[in-house]
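Dear colleague,

Please find below the structure that I am handing over to you. My findings follow directly after it.

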Amino acid sequence: MWREFRDFAMRGNVIDLAVGIIIGAAFTTIVNSLVNDLIMPPLGLLIGGVDFSNFFVTLKGGAYPTLEGAETAGSVTVNYGLFINAVIRFLIVAFAIFILVKQINRLKAEEPTPEPVPPPEPPRQEVLLAEIRDLLRARV
């Protein structure tokens with residue numbers, strides 16, 4: 001059983017998947033910083049200094065100026081601003097992955113298509129027999 005597990009764990013696909021998950025986790029931190037620190041502040045400034053993370057609707061409880069205040073008071077909220085942030089993050093990640101895959105595919109060396117191999121020539125005996133056959137047909 002140990003050998004089967006080792007063979008399974010050492011197959012290329014499992015190792016590639018593990019590397020992908022680790023890189024993805026590191027990439028997520030970069031994207032979160034990109035969204036929260038670089039994209040959202042100017043976007044919030046364009047729409048009048050509003051922070052998306054504070055867009056929410058209170059379902060139960062009073063009116064609160066910030067999401068943190070509503071959560072501290074124990075109110076039930078629908079946090080659509082955080083959802084907007086998550087969608088923007090997803091779009092950025094999807095676009096970055098698209099660009100990455102596109103560049104990898106472009107850099108990949110295209111394998112040349114093999115030229116069709118002509119069939120081998122028949123042995124000399126068959127060629128001579130075919131010539132004799134053709135000569136005999138021509139006589140008739």
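The confidence that the predictor assigns to each residue is its pLDDT, on a scale from 0 to 100. Averaged over the chain, pLDDT is 82, and 94% of the residues score at least 70. Helix α1 (residues 2–10) has the lowest mean among the elements, at 77, whereas helix α5 (residues 124–139) has the highest, at 92. Where pLDDT is low, the predicted coordinates should not be read in detail.

Residues are numbered from 1 along each chain as its sequence is written, and side-chain values rest on heavy atoms, with hydrogens and water left out.

Overall architecture

The chain contains five helices and two strands, in the order α-α-β-α-β-α-α from the N terminus. Helices (H or I, at least four residues) and strands (E, at least two) are DSSP runs, numbered from the N terminus. The chain is more spread out than a compact globule, because its radius of gyration is 34 Å, well over the 14 Å that the globule rule gives for 140 residues. That radius is taken over C-alpha atoms, and the rule is 2.2 Å times the number of residues to the power 0.38. Along the principal axes, the C-alpha atoms fill a box of roughly 110 × 50 × 30 Å.

Burial and contacts

Of the 140 residues, 11% count as buried; buried means under 20% relative accessible area, exposed over 50%, and partly exposed in between (1.4 Å probe, protein chains only). Contact is defined as heavy atoms within 4.5 Å. Among contacts between residues at least 6 apart in sequence, 41% join residues at least 24 apart.

Individual residues

Asn85 lies in helix α4 (residues 80–107) and counts as buried because its relative accessibility is 6%. Beyond its neighbours within four places in sequence, Asn85 is in contact with Val35, Met40, Phe52 and Ser53.

Is Leu38 buried or exposed? At 57% relative accessibility, Leu38 counts as exposed. Leu38 is found in helix α2. Between Leu38 and Ala26, which are 12 residues apart in sequence, the C-alpha distance is 18 Å.

With kind regards

Key. Predicted model: local features only at pLDDT ≥ 70, side-chain atom pairs only at ≥ 80, totals over all residues.
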